[in-house]
Amino acid sequence: MSTTLNVARYSALLSGVFYGIYHRRSLQKAHDQDKEHHAIHQREQLIAQAKDAWRHKQESANGSDGVITNPEDPRFDLEKLVAKWEKDL
């Protein structure tokens with residue numbers, strides 16, 4: 001075997017190893033970004049479900065006695081809310 005052929009073989013081997021390392025890192029980075037995006041989307045979906053459940057719970061609780069518990073609502077009446085709390089105790 002000639003030394004030129006050995007140099008070419010080992011150069012090709014080392015360049016393949018380094019390319020493999022580089023390619024693996026790029027694939028891992030893309031996978032990590034996709035995983036993070038999926039986790040963020042999942043959290044947003046869970047928050048939206050929790051908000052809907054809370055809103056439904058508040059509507060069902062308010063529907064029975066007509067007391068509005070949201071202070072941002074223009075129909076909010078503090079006296080009715082306090083009276084409801086006293087009645088519940």
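Me: Which residues form a nonpolar patch on the surface?
Reply: This is a predicted model. In the model, the nonpolar surface patch is formed by Tyr-10, Leu-13, Leu-14, Val-17, Phe-18 and Ile-21.

Me: How much accessible area do they have together?
Reply: Together they have about 620 Å².

Me: Take Phe-18. Where is its place, and is Phe-18 buried or exposed?
Reply: Phe-18 sits in helix H1, which covers residues 3-65. Its relative accessible area is 56%, and exposed means over 50%, so Phe-18 counts as exposed.

Me: And what about Ser-11, where is that?
Reply: Ser-11 is in helix H1. With a relative accessible area of 40%, Ser-11 is partly exposed.

Me: Now the whole chain. How many helices and strands are there?
Reply: The protein chain has 2 helices and 0 strands. Its radius of gyration is 32 Å, while the globule rule gives 12 Å for 89 residues, so the chain is more spread out than a compact globule.

Me: What does the C-alpha trace span?
Reply: About 100 × 20 × 20 Å along the principal axes.

Me: What percentage of the residues is buried?
Reply: Buried residues are 6% of the 89 in the chain.

Me: Last topic, charges. How many positive and negative side chains?
Reply: There are 13 positive and 13 negative ones, and the centres of the two sets are 14 Å apart.

Notes:
Residues are numbered from 1 along each chain as its sequence is written. This is a predicted model: local features need pLDDT of at least 70, side-chain atom pairs count only at pLDDT 80 or more; totals for chains, interfaces and linings use all residues. Side-chain values use heavy atoms; hydrogens and water are left out. Helices (H or I, at least four residues) and strands (E, at least two) are DSSP runs, numbered from the N terminus. The radius of gyration is taken over C-alpha atoms; the globule rule is 2.2 Å times the number of residues to the power 0.38. Buried means under 20% relative accessible area, exposed over 50%, partly exposed in between (1.4 Å probe, protein chains only). Lys and Arg count as positive and Asp and Glu as negative; His and the chain ends are not counted. The place of a charge is taken as NZ of Lys, CZ of Arg, CG of Asp or CD of Glu. Patches are made of residues with over 30% relative accessible area and no salt bridge: like charges are joined within 9 Å, nonpolar side chains (Val, Leu, Ile, Met, Phe, Trp, Tyr) within 5 Å. Accessible areas come from the Shrake-Rupley method with a 1.4 Å probe; for residues, only the protein chains shown count as cover. A salt bridge is a side-chain nitrogen of Lys or Arg within 4 Å of a carboxyl oxygen of Asp or Glu.
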